[in-house]
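Hello,

I am handing over a structure that you have not worked with before. Please open it next to this message; my notes follow below it.

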Amino acid sequence: MQIQEFHCPSLSELSETARQVLAYGKEHNVWLFEGEMGAGKTTFIKALCGVLGVSQTVQSPTFALVNEYATQAGETVYHFDFYRIKSEIEALDLGVEEYFDSGAYCFVEWPSLIPNLWPPDALLVSIIPNPDDSRTIRVQS
């Protein structure tokens with residue numbers, strides 16, 4: 001297992017941090033985002049989508065469970081939020097395995113609620129708030 005940490009000092013640096021993390025994790029299509037409520041998971045996913053060329057509004061799919069975005073290059077990005085899921089069966093009914101197998105980027109918030117469905121090559125991204133309001137982005141592959 002490899003661990004790499006990135007430091008994001010402020011929101012104004014978020015796009016650059018997203019660019020660095022994307023370059024590091026480019027071999028992985030399924031990204032699992034962990035962090036406490038309010039840590040910035042959705043905000044970081046918005047920055048990643050921006051770097052990837054998504055021009056649509058990126059927002060947490062809390063009630064829909066999954067949002068689909070298109071990049072300017074015509075690629076698809078899927079954004080999941082399993083915060084309100086009650087069981088892994090709901091994720092299976094949604095077709096999460098097909099999404100994960102699609103080869104498209106799949107950004108997953110609250111993956112701890114579907115631990116048995118994680119692909120073995122998924123990238124684990126932990127967002128850690130620091131006392132000075134900066135963030136540490138810890139990436140494990």
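The sulfur of Cys49 has its closest cysteine sulfur in Cys106, 11 Å away, which is too far for a bond. A disulfide would need the two sulfur atoms within 2.5 Å. This is a predicted model, and it holds zero disulfides. Cys8 is in no disulfide either; for Cys8 the nearest cysteine sulfur is that of Cys49, at 16 Å. Both residues are buried: Cys8 has a relative accessibility of 3%, and Cys49 has a relative accessible area of 0%.

Next, the sheet. Seven strands form an open sheet with mixed pairing, in the order β1-β7-β6-β2-β5-β4-β3. The edges are taken by β1 (3–8) and β3 (66–70); each has a single partner strand, so one side of each has no neighbour in the sheet. On average, neighbouring strands are turned by 20° against each other, direction ignored.

Helix α1 (residues 14–25) lies across β1, β2 (30–34), β5 (105–109), β6 (123–129) and β7 (135–140), and runs at about 165° to β1.

The last topic is the aromatic rings. The count comes to 12 aromatic pairs. One of them joins Phe33 and Phe107, edge-to-face, with 5.8 Å centre to centre and 85° between the planes. Phe33 belongs to strand β2 and Phe107 to strand β5, so this pair ties together parts that are 74 residues apart in sequence. Phe33 and Phe107 are both buried. Another edge-to-face pair is formed by Tyr78 and Tyr99, at 4.7 Å centre to centre and 70° between the planes. Tyr78 lies in strand β4 and Tyr99 in helix α4 (residues 96–101), so here the parts tied together are 21 residues apart in sequence. Tyr78 is buried, at a relative accessible area of 13%.

Which residues form one aromatic cluster? They are Trp31, Phe33, Phe44, Tyr105 and Phe107.

Regards

Conventions: Residues numbered from 1 in each chain as written. Predicted model: local features only at pLDDT ≥ 70, side-chain atom pairs only at ≥ 80, totals over all residues. Heavy atoms only, no water. Pairing = 2+ DSSP bridges. Helix = DSSP H or I, 4+ residues; strand = E, 2+ residues; numbered from the N terminus. Axes fitted to C-alpha atoms, helices over the stretch in contact; angles between N-to-C directions. Contact = heavy atoms within 4.5 Å. Buried < 20%, exposed > 50% of the residue type's maximum accessible area, 1.4 Å probe, protein only. Phe/Tyr/Trp six-rings, centres within 6.5 Å; stacked < 30°, edge-to-face > 60°.
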